[in-house]
Amino acid sequence: MEVHADVDGSGVPLAVLLKRELFNQKVEKPDILFGEAHKSKKGEDFTLLMAKCHRSPGEGAGAGGGQNAGDDDTISVFAIFDGHNGSAAAIYTRENLTNNVLAAIPPNLTREEWTAALPRALVAGFVKTDKDFQTKAARSGTTVTFVIIDGWVVTVASVGDSRCILESAEGTVYFLSADHRLDANEEEVERVTASGGEVGRINIAGGAGIGPLRCWPGGLCLSRSIGDTDVGEFIVPVPHVKQVKLSNAGGRLVIASDGVWDALRFQEALNYTRGLPAEAAANRIVKEAVTSKGLRDDTTCIVVDILPPEKLSPPLKRHGKGGIKALFRQRPSDEMSEDQMDRGCLEPDVVEEIYEEGSAMLAQRLNMNYPAGNMFKLHDCAVCQLEMKPGEGISVHGTMPKHSRVDPWGGPFLCSSCQVKKEAMEGKLHSRNSQSAVKSVPK
């Protein structure tokens, strides 16, 4: 006699439910395999490779940590830092960004809460790293493409023009980072000029402008980076953040500096990796990029394979049939037949978008609606985590009236120095200084 469990009136056999639960447990955490390759021209590209990193700051979260962390409660962190005008900013960011991000996540969260808190923590960590680096009086800057893998959830934060793409198990390609080159982003051009910067090409002897669009003063081709204190605060460190969930069929990440993407198209790079393990794939991409354009710049690539546990891992179908997509398909059905589970079949190859935001405005990026906002301490600075007394902090919303019906608390709050940083990034300090200069001119 077969025993049935009445679930939603469907009469699903208890044995099937137990088998389904066992299957879900087996594929809960993927295997992470990775490799990197690098050809140096200027010596300003740096990488961060941590297959196992503890979630708490300071516990295996530094630039060289993570390899001895236990399997429980760990994440994977991979990043590329493409420096310019020297390597100081890239090195400093590599050594400090991970801890700054993890320190911005409240303790004692559930797995789901941790995932929800991560986008705000990435913004806070990037801004704090940039703010702290300014005290070093170094003029270099760096792009950052920063990837955190937590189970099947991949979160990518990026400033600059290093890129991260995802190829799903069925061959569909997704963009997980933004391009902050001024030539490629009209919205960023408008933001920079509105904040007090000037955008234009190099003009030689009054002729037509040549080369890429640049921001002046400084001549930087990017609108976002960490460092670059000599260029202007309108070059902001606020990252574009995208968070997706893979099916347990897995996928492959390619993270590379502009030395690769200036030479190879996205699909072209992926085609070179067919049938190769991660390290060999990274080496092939770098080799082909250098062969194509020559070694004109530091050329760096990280390949990360997110795979089902070995016992349930079929060969990845890498036929490139899915095309390139910026949009994501819907969440797959939760239904799976008993026959599928008996044969070890995985979920449909679906990539689900959880979160994406690219605004440069801190008020928008740090604000979280109820109940997610309750995870964070109200009176800690939302950027540097400085503990403040009630009434000391400055609302990210500026002059919002106290006890507003929309937001009775008025938070999140910033300390005074982080508020100055926020105003500078938004061009408010530039505007005030310009007004003061006009007032001081004698009639």
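Select Asn108, which is placed in the loop between α2 (88-103) and α3 (111-134). Helices (H or I, at least four residues) and strands (E, at least two) are DSSP runs, numbered from the N terminus. This is a predicted model, in which local features need pLDDT of at least 70 and side-chain atom pairs count only at pLDDT 80 or more, while totals for chains, interfaces and linings use all residues. Residues are numbered from 1 along each chain as its sequence is written, and side-chain values use heavy atoms, with hydrogens and water left out.

Asn108 has a positive phi of about 60° although it is not a glycine. Is Asn108 buried or exposed? Asn108 is exposed, with a relative accessible area of 78%. Buried means under 20% relative accessible area, exposed means over 50%, and partly exposed is in between (1.4 Å probe, protein chains only).

Now select Asp228, in the loop between β12 and β13 (240-245). Asp228 is not a glycine either, and its phi is positive, about 55°. With 3% relative accessibility, Asp228 counts as buried.

## Stop two: a cis peptide bond

Select Trp216 and Pro217 together. The peptide bond from Trp216 to Pro217 is cis, with omega near 5°. Pro217 lies in the loop between β11 and β12 (226-227).

## Stop three: aromatic rings

How many aromatic pairs does a search of the whole structure find? The search finds five. Rings of Phe, Tyr and Trp (its six-membered ring) pair if their centres lie within 6.5 Å; planes under 30 degrees apart count as stacked, over 60 as edge-to-face and the rest as tilted.

Select Phe175 and Phe266. Their ring centres are 4.9 Å apart and their planes are at 65°, so this pair is edge-to-face. Phe175 is partly exposed, with a relative accessible area of 21%.

The rings of Trp261 and Phe266 have centres 4.8 Å apart and planes at 45°, so they form a tilted pair. Both Trp261 and Phe266 are buried. Phe175, Trp261 and Phe266 form one aromatic cluster.

## Stop four: charges over rings

Select Arg55 and Trp114. The charged end of Arg55 sits over the ring of Trp114, 4.7 Å from its centre. A charge sits over a ring if NZ of Lys or CZ of Arg is within 6 Å of the ring centre and within 35 degrees of the ring normal. Then select Arg120 and Phe376: here the charged end of Arg120 sits over the ring of Phe376, 3.8 Å from its centre.

## Stop five: salt bridges

The structure holds 16 salt bridges. A salt bridge is a side-chain nitrogen of Lys or Arg within 4 Å of a carboxyl oxygen of Asp or Glu.

Arg55 counts as buried at 10% relative accessibility, whereas Asp73, at 42%, counts as partly exposed.

Next, select Asp262 and Arg181, whose side chains meet in a salt bridge (3.6 Å, N to O). Asp262 lies in the loop between α5 and α6 and Arg181 in the loop between β9 and α4 (186-194), so the pair ties together parts that are 81 residues apart in sequence. Asp262 is partly exposed, with a relative accessible area of 45%, and Arg181 counts as partly exposed at 32% relative accessibility.

## Stop six: a pocket

Which residues lie nearest the centre of the second largest pocket? Select Lys42, Asp161, Cys221, Asp258 and Asp297; the whole lining has 32 residues. About 680 Å³ of space lies in this pocket. On a 1 Å grid over the protein atoms alone, a pocket is an open set of points where a 1.4 Å probe fits, with protein on both sides within 12 Å along at least five of seven lines; lining residues have an atom within 4 Å of a point. Grid points are joined across faces, edges and corners, and a volume is the space filled by probe spheres set on the points.

The lining of the second largest pocket divides into eight nonpolar, nine polar and 15 charged residues.

Terms used. Nonpolar A, V, L, I, M, F, W, Y, C, P; charged D, E, K, R; others polar.
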